[in-house]
Amino acid sequence: METEPGELPKTMAAWVIREERQGEPRDAFQVEEIEVPEPGAFEVIVRVMAAGVNYNNVWAALGEPIGVWRYGDHPEFGHHIGGSDASGVVWKVGPGVTRWKVGDEVVIHCNQTSYEDPEVHGLDPMAAPSQRIWGYETTWGSFAQFTKVQAQQLLPKPKALTWEEAASYGLVYFTAYRMLMTRCNLQAGQRVLVWGGAGGLGVFGIQLCKAAGAECVGVVSSEEKGELVKQLGAVDYINRDEFKGMMRRGGESADEEKERFKVMRAFDKRVKELLGDKPDIVFEHVGAATFPTSVFTVKPFGKVVICAGTTGYTLDFDVRYLWMKQKEIIGSHFANAYECTKANELIESNVIRPVLWRTLGFDGVGEAHQLMRDNQHLGKISILVGAEETGQGKTAEGPGAIYAEVGA
Ligand code: NAP
């Protein structure tokens, strides 16, 4: 790319989803030449060096359960450039930006809100009516040579990380941080059950428990994933294949339901054996299949904190276990800029480390999302955009990412 910092080329290469080709990620994403946007007030154009892959753009590709087209700036531009994580270089700043200058090396958090919403200035940006996830509910995401973001989304790039490592962690890590630290007030000595312990959210849920002095068990679907979970600091793992019968499928007969409860009780017993007691917190995102087990397994007065429903949004469970034992269900969604800043400091000081499974070239965007859709991955996948090869961008010594080496 020939352009100098401070100048923008007319067009750029971008991976684009369009409404008429929604479907499996490998086909829905296609490279197009798109006009480079100019930064508006308090906005910044970042040259993307690497981009991180998240489940949200699997949903965007599928167009299910809802398409992205009605949200954010999609009606204005009619295309979706996905990507809610990036590392890169500030290339051009819009009017009003004072904290950042051309040439700064940054990572980007994905929460956008209007500066004019009062919630932003006193309650929590996550409560603002204008709140959107950049690169999912908006276009101009990170799977392109340039991305347009609000200046408040920028965070300093941790110096000891390569471009691909720095691009990998933001969305899932900051989400896990809010779920555990803010919404559940995680304390030393507490016990936590983490679903999908080797997945994007889970690898950070486990590291946060360890850093806080809490004990956790991760649920996974293979022994290799279990070893990763232990390496990250979990006291142990449970292979969910041993407890297939506890998953809620819906439309069960009374006998089938009885059978499911039997397996669920056996799972609950295993959790107690491994943790020494029932968990104070269950870290949920799987949804319909696991939610009845989460409510049943969490301790009396305990908290089930949930940020997604990958296996289904309509949850049903026996509410007696909730009210009789005075348990809480807590919704959580991404994180505000302050939480992202505090969480990023833990990466800068190597207390929390990115967990990278694969780095693919710019041509790998569709494939990466397909691997995620098919649950073939561990931890995170990054895409090289401006970076020519892996290993670039590190400007200080440090341990860098943990590399998860097993899997597909
Ligand atoms: P991920 O990397 O695919 O990890 C999810 C893990 O869930 C997988 O590793 C898998 O682990 C486990 N899983 C999948 N199907 C399961 C099932 N039927 N039963 C039990 N476990 C199952 O995805 P992620 O990045 O962690 O994201 C997970 C979900 O959270 C997605 O729906 C995503 O869109 C959402 N999310 C929401 C927010 C938010 O702010 N609201 C933020 C981040 C992510 P095993 O196969 O090893 O069990």
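1. A polar contact here is a pair of N or O atoms within 3.5 Å. The model is predicted, and the distances below are computed from it. An N or O atom in the side chain of serine 221 lies 2.7 Å from an oxygen atom of the ligand, so the pair meets that cut-off.

2. For threonine 310, the distance from a side-chain N or O atom to a ligand oxygen is 2.8 Å. For tryptophan 59, the corresponding distance is 3.1 Å. The ligand by itself exposes 910 Å², and 90% of that is buried by the protein.

3. The shell around the ligand has 25 residues, of which Ser221, Arg240, Thr310, Phe334 and His377 come nearest. By type, the shell is made up of eleven nonpolar, twelve polar and two charged residues.

4. Two elements, helix 5 (170–183) and helix 6 (200–212), each give two or more residues to the shell. Helix 5 provides the largest share, three residues.

5. Why does the ligand lie between domain 1 and domain 2? Residues of the shell come from both domain 1 (11–169 + 354–403) and domain 2 (176–331), so the ligand lies between the two.

6. Turning to the backbone, most residues other than glycine have a negative phi, and most peptide bonds are trans. Phenylalanine 334 has a positive phi, near 25°. This residue is in the loop between strand 16 (328–331) and helix 11 (337–348), and Phe334 is also among the residues that come nearest to the ligand.

7. The peptide bond from glutamate 64 to proline 65 is cis, and its omega is near -5°. Proline 65 belongs to the loop that runs between helix 2 (56–62) and helix 3 (74–77).

Conventions: Residues are numbered from 1 along each chain as its sequence is written. This is a predicted model: local features need pLDDT of at least 70, side-chain atom pairs count only at pLDDT 80 or more; totals for chains, interfaces and linings use all residues. Side-chain values use heavy atoms; hydrogens and water are left out. A residue is near a molecule or strand if one of its heavy atoms lies within 4 Å of it. A polar contact is a pair of N or O atoms within 3.5 Å; within protein, one must be able to donate a hydrogen and the other to accept it, and residues adjacent in sequence count only if both atoms are side-chain atoms. Accessible areas come from the Shrake-Rupley method with a 1.4 Å probe; for residues, only the protein chains shown count as cover. Helices (H or I, at least four residues) and strands (E, at least two) are DSSP runs, numbered from the N terminus. Ala, Val, Leu, Ile, Met, Phe, Trp, Tyr, Cys and Pro count as nonpolar, Asp, Glu, Lys and Arg as charged, and the others, Gly among them, as polar. Domain bounds come from an automatic or database domain assignment.
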